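Here are my notes for when you open this one up for the first time. Keep the viewer beside you and go through the points in order.

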Amino acid sequence: MTTVYIADTGVFVRCGGPDKDKFQRLRRALRQAGVSLRIPQRVYEELGGDPAADEYPSGNIPYPDGFEEGWIVVADELDYTNPLVSTVMDEARRFIANETDRDEDVTEKADTALVGLAAQVLDTGEADHVVLLTTDKPAGRAAETLLPQHGFSDRIEFRYVSVEYLETITANEFR
């Protein structure tokens, strides 16, 4: 079974920076497990990256080691021509707006991109299972609610990344 791990901006923010224990614990767990965190290009932008760059040359990224070491990877552009991706992203925007009692227009695009990327990797067969790591509970619940409605039952898992999660994370979380 192929599992893809998708992470949100909040995961890195919650780590507190590369010199913090939580960041180093996450890094060590991923490297020991031999997996990477895939981030949508919207998340990369939120982290300060330049999606138009050929590689990861932006000097504004606070986590360049993760990209250089390969345990953080920027996902390919979302395929908006795939009706599943665009439909799931629209549904996620409405779901998050309802959960947070906000207007759909103010829903962060990175949140819907997380759900869109999960749908894309499942739909293309790139992954059999997706684990979504986020500090955004409405986005996580949107993924767990919506993707089964499109034929991906039991193939998405939302993990809320709390401080406690980061303080105790080991490679076993990724095996």
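1. Start with helix 5 (residues 83–100): its 18 residues reach 26 Å from first C-alpha to last, close to the 26 Å expected at 1.5 Å a residue. That expected span is 1.5 Å times one less than the number of residues. Helices here are DSSP runs of H or I with at least four residues, strands are runs of E with at least two, and both are numbered from the N terminus. Before you go on, this is a predicted model, in which local features need pLDDT of at least 70 and side-chain atom pairs count only at pLDDT 80 or more, while totals for chains, interfaces and linings use all residues. Residues are numbered from 1 along each chain as its sequence is written, and side-chain values use heavy atoms, with hydrogens and water left out.

2. Which residues of helix 5 are buried? They are Leu 84, Val 85, Val 88, Met 89, Glu 91, Ala 92, Phe 95, Ile 96 and Ala 97. Buried means under 20% relative accessible area, exposed means over 50%, and partly exposed is in between (1.4 Å probe, protein chains only). Helix 6 and helix 7 are included in what covers these buried residues. An α-helix has 3.6 residues a turn, so residues three or four places apart point the same way.

3. Now look at helix 5 against helix 6: their axes come within 8 Å and cross at roughly 145°, and the crossing is right-handed. Axes are lines fitted to C-alpha atoms, for helices over the stretch in contact, and angles run from 0 to 180 degrees between N-to-C directions. As for handedness, a crossing is left-handed if the near helix is turned anticlockwise from the far one by less than a right angle, and right-handed if clockwise. On the helix 5 side the contact includes Leu 84, Val 88 and Ile 96, and on the helix 6 side Val 115, Gly 116 and Ala 119 are among the residues met. The residues of this contact divide into nine nonpolar, three polar and three charged.

4. Asp 111, Val 115, Ala 118, Ala 119 and Leu 122 in helix 6 are in contact (heavy atoms within 4.5 Å) with Ala 139, Ala 142, Ala 143 and Leu 147 in helix 7. Here the division is eight nonpolar, no polar and one charged.

5. Check the pairings one by one. Strand 1 (residues 3–7) joins strand 2 (residues 37–39) in the parallel sense over two bridges, with Ile 6 opposite Arg 38 and Tyr 5 opposite Leu 37. Strand 1 and strand 4 are parallel too, over five bridges; Tyr 5 stands opposite Val 131, and Thr 3 has His 129 as its bridge partner. Strand 4 and strand 5 run parallel, joined by five bridges.

6. Is strand 4 enclosed or open? Six of its six residues are buried, so strand 4 is largely enclosed by the rest of the structure. His 129, Val 131 and Leu 133 point one way, while Val 130, Leu 132 and Thr 134 point the other.

7. Finish on strand 5 (residues 156–160), which holds Arg 159. Arg 159 is buried, with a relative accessible area of 14%. Tyr 160, also found in strand 5, is partly exposed at 31%.

Terms used:
Ala, Val, Leu, Ile, Met, Phe, Trp, Tyr, Cys and Pro count as nonpolar, Asp, Glu, Lys and Arg as charged, and the others, Gly among them, as polar. Two strands pair if DSSP finds at least two bridges between them.
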